[in-house]
Amino acid sequence: MSVDVARRPRPVGTSSVMQRTRAWISNPWGKPRWLIVFTLLYIAWCLIPVLIAVQFGFNEGRSRTAWQGFSLRWYFDDPNLSVWNDPSLRNALWQSLRLAAATMLVATPIGVGLALGLARWRGRGAKPANFLMLFPLITPEIVMGMALFIVFVYLFSFIGLGTQAQVLGHVTFTISYVVIIVRGRLFAIGGEYEQAAMDLGASPRQALRMVLLPMLAPAIWASLAIAFAISIDDFVISQFLKSDASTETIPTKLYSGLRLAPSPALNALASLLLAFSMLAITAAGLFLRRVRRREGRRGSAAEELARLDI
Amino acid sequence: MAGSAEVYSRRRWTWPAFAAPGLIWLILLFLVPFYAILAVAMGRQDPIFNQSVPIWNPVQWDPGIFGEVMSDIFSGQLGVIFVRTIAYVVIASLISLLIGYPVAYFVARHAGKRKVLYLVLILTPFWVPYLMRMLAWVNLLGTDGYVNDALMLVGLLDAPLEWLSGRSDTVVLGLIYGYVPFLILPLFAALDRIDESTIRAARDLGASPWQAFLRVTLPLSKQGTLAGLVIIMLPMFGDYYTNGLLSKSPNTRMVGNEIVLFIESGGGGSRGVALTVVLMAFVAVLMAYYLISVARATKESKA
């Protein structure tokens, strides 16, 4: 709204709209409506800055603050500075995807095994094992980053810093998320189905392979997607364990780039990161929805995702 | 589940064998690294090459570097930074709670048919990469950014403000923006679990909506609220990147920035590691609280 619009005499009806809005918000009989307004404002505050950042990745000019028209300059067209043509940016994209793919493929089977073990093992070691699994979720990342950094420099120096260390680090904090997703499913499934299979003559191994694993499949697919998203979003562990320019990931590149030489190409790079993260999490949501359908529960994958947090 | 006893017992080693790879992984790459930072923090600093020399045998641990760091905390520059970190984290967490609770409450209790839509909307920021969200604010808060433009248009500012050069309010805003979504989810879970009928009972017995909220909903959501606060305070205490992007100034340095500085400056490595151990000990209380509340929640859900 420009200044002279505000100076113009108010059109008739504006004040009654204001009054009506106020009456609607403070209506004491219905639902507490200020909560709706508050929630919508919160959602706008959360998402609009990100959308603006995505928009400036498509800016025609160099500015990250003034819109100069749409272009794909910062993605492809610029011969030196675009994500596609700047080797350091392209490499960061490649490194992030590579790490996330490797992390998901290593962390998921290990996590599924750990979940099976923890959900059914009734021995003396089960309780401490459970606690050990929870720790990576609540340890501040800087502490974990530092600990892993030290261990790869002084103790496992045959591995050293770099891509391998980054994968090992990412897997370490991703395992626990996989365990939580899969273990939740295991509790929901219970032991009856396997028991029935064994009563009908299946060996324990057959019951596991032919009954339990197919029932777990959607949760396992969801774990893969979530492990991918967690790895690609990670900044601190990648930062502590990187060795040289070739092991920069998108988040570490964003960090150094924003501090030294911001450019819309960073917005473009960040938007790509956002796209991959959202794709992965949407996939996870779809798999989890299948879980709920199969259990005959109504409701959505979003609810399933919302309860993931331990 | 009497019938399933056989599934759970099986052969004695079946289930531990499934868990073994994960446990070995966590021991080698989680527990051992923790021991390694202790060994470096309690080790020596080689004065000639300026390198950390870890001491692996706890009997020979040398508290020298640790002592230096501790005395700097109690009577030096690091003390200021610790107090500042605590202040930032406490303020940011409380404001996050003021923002997060109404939102979680609305989605859990009053969103009605649109609940799923709202859930998706409050889940989205959770999965937007953290650095991307900070980048958004670096753009908006720039000298000629939208925030300055908007504030000048409304007349609140006469000249653009340098939001990004060492302002505490900017850093606290960044922390709030960064961590509110992580608080809303546990809050939502806690509020969503409350049985609608308990609130209806309170209303039927004559409580006003406000009384019902204060006497029923609020106490029932206390556990989830505290757990949610802990969940966002833990990473905030170790945060250095929010500050690094939104301020870069020594005036707003937090403990995490100090740790990273020790590492980057070279030579001070051991002190950075010792400071990490101190930070870890400091947040251990919060972590213990969280683990206890998780254990209690699992016990209750089994009962």
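1. Contacts along chain B. In this predicted model, 65% of the contacts in chain B with a separation of 6 or more are between residues 24 or more positions apart. As for burial, 44% of the 303 residues in chain B are buried.

2. Make-up and overall form of chain B. You will find 14 helices and two strands in chain B. Its radius of gyration is 24 Å, while the globule rule gives 19 Å for 303 residues, so chain B is more spread out than a compact globule.

3. A helix pair worth a look in chain B. Helix 4, residues 77–110, packs with helix 11, residues 222–237, at an angle of about 145 degrees, and the axes of these two helices of chain B are 10 Å apart. The crossing of helix 4 and helix 11 of chain B is right-handed. If you want to display the contact, pick Thr85(B), Val89(B), Ala92(B), Ser93(B), Ser96(B) and Leu97(B) from helix 4, and Leu229(B), Ile232(B), Met233(B), Met236(B) and Phe237(B) from helix 11. Eight residues of this contact are nonpolar and three are polar, with no charged residues.

4. Where chain B meets chain A. On each chain, 83 residues are in contact with the other chain. Which helix of chain B gives the most to the side that touches chain A? That is helix 2 of chain B, residues 14–41, with 17 residues. By class, the side of chain B that touches chain A has 66 nonpolar, 12 polar and five charged residues.

5. Domains of chain A. The domain assignment divides chain A into domain 1, covering 13–77, and domain 2, covering 87–306. Taken over C-alpha atoms, the centres of domain 1 and domain 2 of chain A are separated by 33 Å.

6. How the two domains of chain A touch. Nine residues of domain 1 are in contact with nine residues of domain 2 in chain A. On the domain 1 side, the elements that give two or more residues are helix 3 (33–57) and helix 4 (73–77) of chain A. Helix 3 of chain A gives the most to this side, with four residues. Sorted by class, the side of domain 1 of chain A that touches domain 2 has five nonpolar residues, along with two polar and two charged ones.

How values were computed
Residues numbered from 1 in each chain as written. Chains lettered and ligands numbered in written order. Predicted model: local features only at pLDDT ≥ 70, side-chain atom pairs only at ≥ 80, totals over all residues. Axes fitted to C-alpha atoms, helices over the stretch in contact; angles between N-to-C directions. Left-handed = near helix turned anticlockwise from the far one by under 90°. Contact = placed C-beta atoms within 7 Å. Nonpolar A, V, L, I, M, F, W, Y, C, P; charged D, E, K, R; others polar. Domains from an automatic or database assignment. Rg over C-alpha atoms; globule rule 2.2 N^0.38 Å. Buried ≥ 20, exposed ≤ 12 C-beta atoms within 10 Å, placed from the backbone.
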